[in-house]
Structure formats: structure tokens, C-alpha cells
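Subject: Structure handover

Hi,

Here is the structure I promised to pass on. Please open it alongside this note.

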Amino acid sequence: MEFLAPILSIIVGFFNFVLVLRTWLQFCNVDPYMPISQTLMRLTNPIVNPVSKIIPTVKRINFAALLLAMAVVTLQFILFGVDIPRAVLIGLLSLFKTFGQILFFTTLIRALMSWVTQGNHPLDYVVAQITEPVLSIIRKVLPRTGMLDFSVMVLGFGLLLLNTLFYNLFGHLWAVA
């Protein structure tokens, strides 16, 4: 079983990422005809749709996909010999961590693409839809600075700060989540 652990971790991590990304794309109302949206739906519909009949989507949050992501991570750690309460906590923490990673890297991609494409690429539109719900909240709090948008930097530092805070609170559990 030890030689399968890294392979299982990669598969579960990918599955968790895809399900959390699907949920966030649904929440952000990303165009369902974009290739990334269609790919995520095709990959996850066979497992999410049956669970969605029992656990509904509320206010564009697909709780079925989130529950499946958490369940798979929890099951992985139970198979690795972690006790059930701790495995459930790791599963829950993995949702928050994956969401933070998605938000951090899409924000970074958005900042880098703003230097190169000036909004003329279809990926710009998708990345903007993914990051805008959080950045708009930050922009409401920040004072107006003219042409410079500091919301991306504030979000990046905020996510790094939250990562450190969660690591200080949960230690090893946050690191393995």
C-alpha cells in the first residue's frame, strides 16, 4: 500500500481540485460554453449529478460537489490509517485550502496576463469571472487610487496571511490537507 500512496494522493488531489473548481465556476456564473467549463462538467457530471438529486445546489453553491470532494479526501486519509474525526477535519480543511489555491493562482494569472494580453484573450474573461467576486469586495473597502488596482495585491497577501493562520491553528493537519 505504501507504494500506491503517492499515486493515490495525486489522483485524490486532482479530483478534489476539479470538484472545488467546478463549484467555484458555478458560483461565479462562468460561461458554460467556455471549454474549461464544458470539460469540468463532462468530467464530473457522472458522479455529481446522482448526488445532486439528494443534496441540492443552493444559491449557486454546488454542495454535492463539495461533499464529494471532502468525502474522497476523507476516505483517502482513512485508508492511510488516520482516525475518522481527524480524517473528516482534513477533508474539510482540504476544501478551504484548494479554494484558496484556486483563488491565489487565478489571481496571479490575471495579474500576469494583464501585462501581456490587455484583456484580448478568452482566458482573460474566464480568469476575471473567477476572481471578480472576491476582488470586487476588496475594491469596495480600498480607497480609490486612480489607474492602479491594489485589490489583486491585497488579495494575494490576504491569502498568504490566511494560509499562515490556518497552519498555525491546525499545524500538520493543514499541511497534509
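Helices here are DSSP runs of type H or I with at least four residues, numbered from the N terminus. The labels below follow that numbering. Keep in mind that this is a predicted model.

**Nonpolar patch**

Leu 75, Ile 78, Leu 79, Phe 80, Ile 84 and Val 88 make a nonpolar patch of about 500 Å². Two helices, H3 (63–79) and H4, each supply at least two of its residues. H3 gives the largest share, with three residues.

Take Leu 75 as one of the patch members. Leu 75 sits in helix H3. Its relative accessibility is 48%, so Leu 75 counts as partly exposed.

**Largest pocket**

Next, the largest pocket. Its volume is about 380 Å³. It is lined by 16 residues, and the closest to its centre are Gly 100, Gln 101, Leu 159, Leu 162 and Asn 163. Helix H4 (84–116) and helix H6 (151–170) are the elements that give two or more residues to the lining. The largest share comes from H4, at eight residues. By class, the lining has 11 nonpolar, four polar and one charged residues.

**A buried leucine**

Is Leu 19 buried or exposed? Leu 19 is buried, because its relative accessible area is 0% and the cut-off for buried is under 20%. Leu 19 belongs to helix H1 (residues 5–27). Leu 19 and Val 48 are 29 residues apart in sequence, yet their C-alpha atoms are 8.7 Å apart in space.

Most residues other than glycine have a negative phi. Two residues to check against that:

- Asn 29 has a positive phi, near 60°. Asn 29 lies in the loop between H1 and helix H2 (35–52). With a relative accessible area of 49%, Asn 29 is partly exposed.
- Lys 59 also has a positive phi, near 50°. Lys 59 is in the loop between strand E1 (57–58) and strand E2 (61–62). At 74% relative accessibility, Lys 59 counts as exposed, because the exposed class begins over 50%.

Best wishes

Note on methods: Residues numbered from 1 in each chain as written. Predicted model: local features only at pLDDT ≥ 70, side-chain atom pairs only at ≥ 80, totals over all residues. Heavy atoms only, no water. 1 Å grid on protein atoms, 1.4 Å probe; cavity = no way out; pocket = protein on both sides within 12 Å on 5 of 7 lines; lining within 4 Å. Points joined across faces, edges and corners; volume = space filled by probe spheres on them. Nonpolar A, V, L, I, M, F, W, Y, C, P; charged D, E, K, R; others polar. Patch = residues over 30% accessible without salt bridge, like charges linked within 9 Å, V, L, I, M, F, W, Y side chains within 5 Å. Areas by Shrake-Rupley, 256 points an atom, 1.4 Å probe, with all protein chains shown as cover. Salt bridge = Lys/Arg side-chain N within 4 Å of Asp/Glu carboxyl O. Buried < 20%, exposed > 50% of the residue type's maximum accessible area, 1.4 Å probe, protein only.
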